[in-house]
Amino acid sequence: MPDLDDFIDKVVGGEASAAREQLQGMLAGKTADALETRKQEITDALFNDGEEAEVEEEPIEGEEGEEEFAELETDEIEEVDPYTGQPIEPEAEIGKE
C-alpha cells in the first residue's frame with residue numbers, strides 16, 4: 001500500500017496539509033468503490049440477475065368479481081359524513097336545489 005505508507009510518512013514528517021489532502025483522496029477513492037459496489041448489488045437485486053420478473057395481471061372488466069356489483073344501483077348507496085359517520089340528509093346538501 002504505497003498510498004498508506006506515503007500518508008504515514010507525511011504525518012510523521014510534519015506535512016499536515018499534504019497528509020490531509022492525501023487522506024481525503026484515499027477516502028474519496030474508497031467511497032467511490034463502495035458506492036459502485038452497492039449500485040451493482042442494487043441493480044442485481046432489482047433486475048433478478050437479468051431474469052424477467054413475473055407481473056400479476058389485473059382482471060379485465062367482465063371477468064369474475066363483476067357479478068357482485070351488477071345488482072347494486074347508485075340510488076341505493078347512502079351518503080355519510082366522513083367525520084361523524086352519520087347519514088347525510090338530501091336537504092342538507094349544499095349546492096343542490
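Leaving aside neighbours within four places in sequence, Gln 22 is in contact with Asp 3, Asp 6, Phe 7 and Lys 10, where contact denotes heavy atoms within 4.5 Å. The structure is a predicted model, in which local features need pLDDT of at least 70 and side-chain atom pairs count only at pLDDT 80 or more, while totals for chains, interfaces and linings use all residues. Residues are numbered from 1 along each chain as its sequence is written, and side-chain values use heavy atoms, with hydrogens and water left out.

Gln 22 belongs to helix H2; helices (H or I, at least four residues) are DSSP runs numbered from the N terminus. With a relative accessible area of 13%, Gln 22 is buried. The burial classes are defined with a 1.4 Å probe and protein chains only: buried means under 20% relative accessible area, exposed means over 50%, and partly exposed lies in between. The side chain of Gln 22 is joined to that of Lys 10 by a polar contact of 3.2 Å. Such a contact is a pair of N or O atoms within 3.5 Å; within protein, one atom must be able to donate a hydrogen and the other to accept it, and residues adjacent in sequence count only if both atoms are side-chain atoms.

Phe 7, one of the residues in contact with Gln 22, lies in helix H1. Phe 7 counts as buried because its relative accessibility is 17%. When residues up to four places away in sequence are not counted, Phe 7 touches Ala 19, Gln 22, Leu 23 and Met 26. The C-alpha atoms of Phe 7 and Met 26 are 9.4 Å apart in space, with a sequence separation of 19 residues.

Lys 10, the partner of Gln 22 in the polar contact, also takes part in a salt bridge with Asp 6, at 3.6 Å from N to O. A salt bridge is a side-chain nitrogen of Lys or Arg within 4 Å of a carboxyl oxygen of Asp or Glu. Side chains of opposite charge can pair when their charged atoms come close. Asp 6 and Lys 10 are separated by about one helical turn because they are 4 residues apart in helix H1. Lys 10 is buried, with a relative accessible area of 19%, whereas Asp 6 is partly exposed at 32%.

The structure holds 3 salt bridges. In helix H2, which spans residues 16-46, Lys 39 and Glu 36 lie 3 residues apart, about one turn of the helix, and their side chains meet in a salt bridge of 3.6 Å, N to O. Lys 39 counts as partly exposed at 43% relative accessibility, as does Glu 36 at 48%. Arg 38 forms a salt bridge with Glu 41, for which the closest N and O atoms are 3.2 Å apart. Arg 38 and Glu 41 are 3 residues apart in helix H2 and therefore separated by about one helical turn.

Leu 4, Ile 8 and Val 12 make a nonpolar surface patch of about 270 Å². Patches are made of residues with over 30% relative accessible area and no salt bridge, like charges being joined within 9 Å and nonpolar side chains (Val, Leu, Ile, Met, Phe, Trp, Tyr) within 5 Å. Accessible areas come from the Shrake-Rupley method with a 1.4 Å probe, and for residues only the protein chains shown count as cover. Leu 4 is found in helix H1, residues 2-12, and is partly exposed, with a relative accessible area of 36%.

Technical notes. Helices (H or I, at least four residues) and strands (E, at least two) are DSSP runs, numbered from the N terminus.
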